[in-house]
Structures are given as C-alpha cells and as structure tokens.
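I set out to record what I looked up in this structure, entry by entry.

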There are 2 protein chains.
Amino acid sequence: MNARGHVLALSGGVGGAKLAAGLAAVLPPERLTIAVNTGDDFEHLGLTVCPDIDSVVYALAGLNDSVRGWGVADESWQMMAMLRRLGGEDWFNLGDRDLAMHLQRSEGLRRGETLSTVTARLAATLGIGAAVVPVSDDPVRTQVLTEAGWLDFQRYFVGEQCRPVARGFRFAGAERARIAPGLAAALARDDLAGIVLCPSNPYLSIDPMLAVPGLRDALLAAKCPRIAVSPLIGGQAVKGPLAKLIAEIAPKAGAGGGNALIANHYGALLTHLVIDRSDDADAGALRAGGLSVTVTATLMRENADRERLAREVLKAAGVE
Amino acid sequence: MNARGHVLALSGGVGGAKLAAGLAAVLPPERLTIAVNTGDDFEHLGLTVCPDIDSVVYALAGLNDSVRGWGVADESWQMMAMLRRLGGEDWFNLGDRDLAMHLQRSEGLRRGETLSTVTARLAATLGIGAAVVPVSDDPVRTQVLTEAGWLDFQRYFVGEQCRPVARGFRFAGAERARIAPGLAAALARDDLAGIVLCPSNPYLSIDPMLAVPGLRDALLAAKCPRIAVSPLIGGQAVKGPLAKLIAEIAPKAGAGGGNALIANHYGALLTHLVIDRSDDADAGALRAGGLSVTVTATLMRENADRERLAREVLKAAGVE
C-alpha cells in the first residue's frame, strides 16, 4: 500500500474521459498515467482517427464539448458540408477543429512516430501534465459480429448507430500488439498504488485493452487495489450502447443486476466496484460475491462531479 | 481553321482561372479543355494540395471567393486555429471548406487514382462540364533560386511572401513527367481551333507546364491560333509577384514594355497577344515584332467581364 503512489487509469471514451479528467484534476501530474483504448481507432479519409484518445485529451485540456458530449467545444462542420458536396464519405462526422488533431497525428504517424510519441506531444502542447498513453502502439481494431457478419467498430457504432444485434466482438491485431511503453512503465512502478477502470463500456472500451497480451496478467499481478467505476446508472448506460449490448450478449441479470454482470465480467481483475446510488439495491449481492463496494453519485455533469468522484475512487483505493 | 472547333486553354491560378471560367461560360462544355499548372502543388500535413487546379475548379463551379481572391467562398479557419494550438505548421492557410477538396483528392491519389482521374471526378461532382486536366499526372514542382538557395515554391510564395530576390526557377520532376491523357487528347484533336494561354504568370504558371517534355513542340505544331492574354495591367500584375519577378530576372524592358518581355518570353508559341487598354502604348512595338495584338479591357471583376474577355479572345482566334 502506497498512499502517495502512482495511479494507473484505464479509459475508453466519453464517460471514462470524464473520470480521467477528474483524476488529473486531483492528482499531481507525475502521479497519474491514463492508458486509453485504441479499439475504436480507424482510418478515414486518409487520417488516423483515435476517438477515445481524443476524448481523454480534450477532457483533460478542458476543450471537450460538454453539451454534445463528444468532440471539441465551439466545433463547426464546414469541411463536412463541402465533403458532402464533393460526394465524399460523410457517414462519420469530422469537425473542423477536430480535424487539426487528426491531421497532426496522421502526419506524425506517417513520419514514423509511434502513437505514444504523437499522443504525448499533442497532449503536452495542450498543457496536459499527466501521461496519456495508448494501450498499444500496434493497431488493435474492434469488430462487432452481427447478422450481416463482422462490422468494423465505427461502421457499427456510427454508420449503423448500433442497430444490428451484436453477437460477439473481436479485436483485430490484438494478438500481435505489444503493451505501449508508457503503460508498461506504469505497471512496473514500485509505487503503483491503485488501478482504476474508468466508467467505460467493459465489452467495447476495456476488453480491447485487456486483449493486448500480458496486460490482464500484469494487472492481476499488481499489488494494489483495482477499482472499477460502473458505467451503469439505474441499470442503464449514460451514453452509448452498453445496456443494449448487455441485453444482447450477457447472460440474464440476476441478483446484483447489470452491475453483477459487469463484476463477473471483470472477475478477479476487480477488488472494488463503485456503483451509483440509484443501483444501491445491487450492493448486497455484489458484496456477497466478495467485492468491496462503494455506493455514491457517479453521474458527472460538472467538473466538480468529476473531481468528487475521482476523490472517492482514490479514497476507496487508499490513495491520498 | 475550325470556327466551331475545340479550344485548349492553359491556366495557372487565380487570374488564369477567371478567364478559364469565362471560356467555360461561353463555350459548350465538350468544346473546352483546360489544362492546369501543377508546379505550385505540394504535400502539406499529409495532403496533396493543388492550388491552381482548385482555383480553376472553384471558379468554374462558382465557388471561388471573389473578395479574398483565392480559395472557397464562405470559408472558415477553425482547423487552422486548432492546428496553431497544437503546435502544427501554420504558415500555409488551409480553409475548413477547402480541406474537403484536399482530403478527397489525397485519398484518391493514395488509392492509386491519377491526378487526372481525381480532378475529373471532383470537377464533375461540382457540375463542371468542361474538361479540367492537370498538365501531367506526374509530379512537377516549381522551385525558386534565391540567395538562400533553392526554395520550394510554396515556401517562397506563401512562407516568404515572395520577399527573396528570385534568380531563377526550376521545375523538379518535369523532365520525367508525361503529358496528361486529357491534354494529349486535346492536342491531338483534328478540330483544335484555338489555344489560349490564360493571363497567368509566364515564369511561375505557364513555364512549369511548358517544361513537360513534348508540350511546347505539340503547341508549336498545332495548326490553329495561339493567343495569350497578358497578365499585366498598366505594366503591373493584378495579383502575385509577376512585376517584381520581371524586375528581378527579365532583361530591362524597352519598347513594348513588360508586354514585349512576355511576348519575347513566349516567342514562337504566340500568334496573338491580348493586352489591356492601359498598356495601349505597347501595341505598336508588339505589332512591329510581327504579333497580332488585341487591345481591350482585361481586368475581370465580375462574371460579365470574364465572359466578355473570353468572347474577345475567341473572336481573335476566329472561333465562334
């Protein structure tokens, strides 16, 4: 136990990014590493788009659009309007401001920089002190099995708006992917004091990360608390297809509801689960299953909510 | 002589694009081929930017910004603002709407399409009927010799704002470049009735085209009038560094002024030169040199100006 040690957070996109930003607000930058899912990444119009990394970076830089819930604040869509006129692929919205990020990143990658290097540089330019690292510098691409076969994640998520029934997932490239240096360094720290699984979709945001060989074992080997914040509130996802996915692929929820499904899904990875007050009824079954449980308000509307939740998570981990 | 035959125009950027748009307005689309300079093209932020092709396409599509004088109307600069924040290269302005063009083109080129194919598709999507073709599908890149050595064209033109004294030009890649199929087809037409050198910079817009092996000879071999519209008005360029360049690299102007320098520069390529009323004094010396000369108003402020000048050029060529 190291009360003033390092914290490693694993995050997907929007919901996870909010807690990541909360952690960044309450911890000194040198005590925080945020490893981000790259399973949603894809190539589009010749650009490498990394939606979860960008959500985390924008949230930590205070540039996220809190009304729309994704992307950059004060965004405009002039490129898209012209692209439509030119007969281009317009199923994925790229904002004008957001484009600068994709252009800068894609140029760096084309020059031979790793995704870690590019991400660190862009984050630093925006004044972010904490380490933001992709789970891997090697491509990991989530695909969703539907009745129409395997769909690339963004085709399913944005193109099809998650309408097809999901029957399974795979993470193309994961078997050959290596843990990114910054994540490996965090895992190897003697002073690692807590691992936080941010409130992200377990199947679509955290599983692609866990599919990178060695990561699950390294997390299990860590001698520190491992705490997930449930992405469910009142049994529903705040955003995204989690509730629909649970209905499609998970076994019927029994005692402990959706939170028990999530706890079972993570299994031994978790020593602690933070759930929302509205799901208080789940707590008994979860505790009966041997898990330490914190019940609190997990909805993060304002910066103050993110910071309060971050403090509660750290407290549950015994980290100051 | 074929009064109802095909017209081939050679154009650079803004000024040339205006006359090209005038020709497109007064000729049926199947009677016009516009071959465009690619010497200004460059790779930037991983995109292939073709300023002259875009000027011609925007002008013909009625999308050009007539106030700023270049780029797309109703443009915005949100990507640039964010790029600056991300520490990106911000010396070359890429508008948000303009970006759609560069993204679409670059994606096509990366897929293996030729610049001709991409240009034809994008022009057609914007409703352009005339053939708009790059002078070559192979890269030709203008470079300017300055005291600091050779500068890539956009570094000289935009980065340095044409401040360095120019001592010469070269067109990297031109010696290996092949005439684009659409331009070769226009040159091979039995009904070729006129060749128009648009009011573009002879050194920076037309010379890179003439550097493509075989083009000069094919133009000289054409059995039709070859008419240039002078880019000078009152001995000055309407836009761009032409007058400064003439002072730097051309022999001292004598009788016939800057227009005589241009006529001498083009030499046997021209059978006819159209000059502005304000340079009426040049006409005598030009005619004494054996050139047929038309004196008229060449400044194109409105669409009506472009069309009137286009009609005068066609009339001088004996084309209806």
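I take strands to pair if DSSP finds at least two bridges between them; helices (H or I, at least four residues) and strands (E, at least two) are DSSP runs, numbered from the N terminus.

I note that this is a predicted model, in which local features need pLDDT of at least 70, side-chain atom pairs count only at pLDDT 80 or more, and totals for chains, interfaces and linings use all residues. Residues are numbered from 1 along each chain as its sequence is written, while chains are lettered from A and ligands numbered from 1 in the order in which they are written.

Next I traced the sheet: 7 strands of chain A form an open, parallel sheet in the order β5-β2-β1-β9-β10-β13-β14. Its edge strands are β5 (131–134) and β14 (292–296) of chain A, each pairing on one side only. I recorded an average twist of 20° from one strand to the next; axes are lines fitted to C-alpha atoms, for helices over the stretch in contact, and angles run from 0 to 180 degrees between N-to-C directions.

I then checked what lies across the sheet. Helix α2 (residues 51–60) of chain A lies across β1, β2 and β5 of chain A and runs at about 170° to β5(A).

Which residues does A:Val132 contact, leaving aside its neighbours within four places in sequence? I found A:Ile34, A:Val36, A:Ile53, A:Val56, A:Val57, A:Leu60, A:Thr119 and A:Ala123, where contact requires C-beta atoms, placed from the backbone, within 7 Å.

Just after α2(B), B:Gly62 takes a positive phi of about 70°.

I found that the buried residues of α3(B) pack against α4 (96–110) of chain A together with α4 (96–110) of chain B.

Finally, I superposed the copies by least squares on the C-alpha atoms of residues with pLDDT of at least 70 in both. Chain A can be laid on chain B with an RMSD of 0.0 Å by a turn of 180° and a shift of 0.0 Å along the axis. That is the relation of a two-fold axis.

Note on methods: Contact = placed C-beta atoms within 7 Å.
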